Amino acid sequence: ADNGPVELTPVAIQAGELLASRLFAPHLGCPKMDYNLIATTIFTPAEYGCVGLSEEAAAAKFGADKLEVFMTEFSSLEVGAAHRPL
C-alpha cells in the first residue's frame with residue numbers, strides 16, 4: 001500500500017540503527033538499509049535525482065521488455081532566473 005512520500009529523517013534514523021546493530025551486535029545478523037525506493041538527489045550546479053533501481057539493474061532483475069522508463073529535464077529556478085530575457 002502506498003503511504004505517501006517518504007520522510008528522510010526516519011530513513012536516516014533507520015539507516016543509523018541498522019549500521020549500529022551491524023557494528024556493535026554483528027551476531028544478530030542485522031540487514032543493510034534498503035534504499036531501492038528512497039529518492040536520491042545530488043545538489044550540485046547540475047542537479048541530479050533518482051528513485052528506484054538503475055535502468056540496468058531493473059533490466060537484469062525484471063527483464064528489459066518489462067521496463068517502463070521515465071525521464072524528464074528541468075531548469076532550476078537559479079538557472080531560469082539567470083537566463084530570462086530582460
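**Surface, core and confidence in a predicted model**

Student: OK, how confident is the predictor? What's the average pLDDT?
Tutor: The average is 80. A score of at least 70 is reached by 87% of the residues.

Student: Which elements have the lowest and highest mean pLDDT?
Tutor: Helix α3, residues 77-82, has the lowest, at 72. Helix α2, residues 55-62, has the highest, at 91. Where pLDDT is low, the predicted coordinates should not be read in detail.

Student: Back up a bit. How many helices and strands are there?
Tutor: Three helices and two strands. Starting at the N terminus, the order is α-β-β-α-α.

Student: What percentage of the residues count as buried?
Tutor: The figure is 12%, out of 86 residues.

Student: Which residues make up the largest nonpolar core?
Tutor: There are six: Val-11, Ala-15, Leu-18, Cys-30, Met-33 and Ile-38. In soluble globular proteins, nonpolar side chains tend to be buried together.

Student: Take Cys-30. What is Cys-30 in contact with, leaving aside neighbours within four places in sequence?
Tutor: Leu-18, Ser-21 and Arg-22. Leu-18 also belongs to that largest nonpolar core.

Student: And Leu-19? How far is Leu-19 from Cys-30, C-alpha to C-alpha?
Tutor: The distance is 8.3 Å in space. In sequence, the two are 11 residues apart.

Student: Now the outside. Which residues form a nonpolar patch on the surface?
Tutor: Leu-19, Leu-23 and Phe-24. Together they have about 360 Å² of accessible area.

Student: Where do Leu-19 and Phe-24 sit?
Tutor: Phe-24 is in helix α1, which covers residues 8-24. Leu-19 is in helix α1 too.

Student: Why does Phe-24 count as exposed?
Tutor: Because its relative accessible area is 71%, and the exposed class starts over 50%.

Student: Then why is Leu-19 just partly exposed?
Tutor: Because Leu-19 has 40% relative accessibility. Partly exposed lies between the buried limit, under 20%, and the exposed limit, over 50%.

Student: Last one, on contacts. Of those with a separation of 6 or more, what share joins residues 24 or more positions apart?
Tutor: That share is 15%.

Technical notes: Residues numbered from 1 in each chain as written. Heavy atoms only, no water. Core = buried A, V, L, I, M, F, W, Y, C linked by side-chain atoms within 4.5 Å. Buried < 20%, exposed > 50% of the residue type's maximum accessible area, 1.4 Å probe, protein only. Contact = heavy atoms within 4.5 Å. Patch = residues over 30% accessible without salt bridge, like charges linked within 9 Å, V, L, I, M, F, W, Y side chains within 5 Å. Areas by Shrake-Rupley, 256 points an atom, 1.4 Å probe, with all protein chains shown as cover. Salt bridge = Lys/Arg side-chain N within 4 Å of Asp/Glu carboxyl O. Helix = DSSP H or I, 4+ residues; strand = E, 2+ residues; numbered from the N terminus. pLDDT = per-residue confidence, 0-100.
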